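Here is a short briefing to read alongside the model on your screen. It covers the spaces inside the protein, a patch on its surface and the salt bridges.

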Amino acid sequence: MRILVYGAGVLGCNLARDFFKAGKDVILLARGKWAETIKTNGLCIKNYVFPVKSTVRVPVVTELASEDEYDVIFVAARYTQVAAILDALRANKSKNVVFLGNNVQPEKLVTTLPEKNVMFAFASSAGHREQDRVVSVDLKKITIGQLCGAQSDEQLIQKIFAGTGYKVTYEPNMGDYLLCHAAFVLPVAFACYKTDGDLKRLKGDTAYFNKMTDANVEGYRALKNSGHAILPKDDEEFEGEKYRKTCVKFFTLMCATGLGKVCASDHAMNAIEEMSTLNRDLKKLFEENGVSYPVWKEMEKDAESTCKNKKSNCALNNNGWS
């Protein structure tokens, strides 16, 4: 099986490394100095938790030619970068395309690529890219599937990940899964911008952790009231005390350890435009369905105000949240 990973950020590099180590015929599409670094020195990934590095010689290309044919293309690009890739995907022969990462309008991609078999995925992988390596946590877990009502791709997915050691969760309703994921991560992003990327400033602030949970619950409630399923199913009882306690414990751990940096602020601080656009598009869905989300708005305003009132790395005042 021939696989292209289109995009060499943290997600793309981890996925390409994992496929390569499993003996898959995988190629990584990278650009610029980073592509030259990988070609010259190999793809180096350092484990964030343990002082272990691995370097693999993954083949690298710098463009997707129309005549290139792959069994599957994984697009590991930010939500705001996907539009620039669509023309190359349309012109290419390959049929199966998996968009990896945040997305709250997946239906548009399916409509835009009518001749492709479009899937969506979210991997449990996070970190940051340095000049000569990636520093990350890679749990080798992925949730992957297609939009509700589409023909099942479960057998193809099993074939793709066979022998990789990945824990694969097949999800036939990735549209709602991605909406719910955004409703969970955006309040975390607000916390990152409020603290200028240093979540340890919130250590012990249970009141703020409860506010983050309130905003997440508002988002879930808005989605449910709009007719969307709450996914994963473990989150279905999001109005209950058990869910709230679980969230507060998670936020407490995240802000008391390095977990917050690698799992949240590394990406949030380097992907402000993506988070802003996700927030805009998700709020549009909320408002189209006449739902209320006051705590969400309060957190959003607080984060933006904090950034505007100081010389902040997050520069929300330059990117906006409209």
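A residue is called buried when its relative accessible area is under 20%, exposed when that area is over 50%, and partly exposed in between. Arginine 280, with a relative accessible area of 39%, therefore counts as partly exposed. Please keep in mind that this is a predicted model. The notes below start with the salt bridges and then turn to the cavity, a pocket and the surface patch.

**Salt bridges**

- The structure holds twelve salt bridges, and several of them are described here.
- Aspartate 281 counts as buried because its relative accessibility is 10%, whereas arginine 280 is partly exposed at 39%.
- Aspartate 302 and lysine 194 also meet through their side chains in a salt bridge, with an N to O distance of 3.0 Å.
- This pair links distant parts of the chain, since aspartate 302 sits in helix H11 (residues 294-308) and lysine 194 in helix H6 (residues 174-194), 108 residues apart.
- Both partners fall in the middle class: aspartate 302 is partly exposed at 26% relative accessibility, and lysine 194 is partly exposed at 24%.
- Glutamate 239 forms a salt bridge with arginine 221, and their closest N and O atoms are 2.8 Å apart.
- Glutamate 239 belongs to the loop between helix H7 (206-225) and helix H8 (241-256), while arginine 221 is in helix H7, so the pair ties together parts that are 18 residues apart in sequence.
- Arginine 221 counts as partly exposed because its relative accessibility is 33%.
- A network of salt bridges links Arg17, Asp18 and Asp138.

**The second largest pocket**

- The volume of the second largest pocket is about 280 Å³.
- Its lining is made up of 19 residues, and Arg17, Asp18, Asn47, Asp138 and Lys140 are the ones nearest its centre.
- Two or more lining residues come from each of these elements: helix H1 (10-21), E3, E4 and strand E9 (134-145).
- E9 gives the largest share of this lining, with five residues.
- Sorted by class, the lining of this pocket has seven nonpolar, five polar and seven charged residues.
- Arg17, Asp18 and Asp138, listed among the residues nearest the pocket's centre, are also the members of the salt-bridge network.

**The cavity**

- A search of the whole structure turns up one cavity of 30 Å³ or more.
- The largest cavity holds about 40 Å³ of space.
- Residues that line the largest cavity include Val75, Ala77, Val82, Phe99, Leu109 and Phe120.
- Gly101, Asn102 and Asn103 are also among the residues of this lining.
- The lining of the largest cavity divides into seven nonpolar residues, three polar and no charged.

- Val49, Phe50 and Val52 make a nonpolar surface patch of about 300 Å².
- Where is phenylalanine 50 found? Look in the loop between strand E3 (43-47) and strand E4 (53-56).
- Phenylalanine 50 counts as exposed because its relative accessibility is 52%.

Note on methods
Residues numbered from 1 in each chain as written. Predicted model: local features only at pLDDT ≥ 70, side-chain atom pairs only at ≥ 80, totals over all residues. Heavy atoms only, no water. 1 Å grid on protein atoms, 1.4 Å probe; cavity = no way out; pocket = protein on both sides within 12 Å on 5 of 7 lines; lining within 4 Å. Points joined across faces, edges and corners; volume = space filled by probe spheres on them. Nonpolar A, V, L, I, M, F, W, Y, C, P; charged D, E, K, R; others polar. Patch = residues over 30% accessible without salt bridge, like charges linked within 9 Å, V, L, I, M, F, W, Y side chains within 5 Å. Areas by Shrake-Rupley, 256 points an atom, 1.4 Å probe, with all protein chains shown as cover. Salt bridge = Lys/Arg side-chain N within 4 Å of Asp/Glu carboxyl O. Helix = DSSP H or I, 4+ residues; strand = E, 2+ residues; numbered from the N terminus. Buried < 20%, exposed > 50% of the residue type's maximum accessible area, 1.4 Å probe, protein only.
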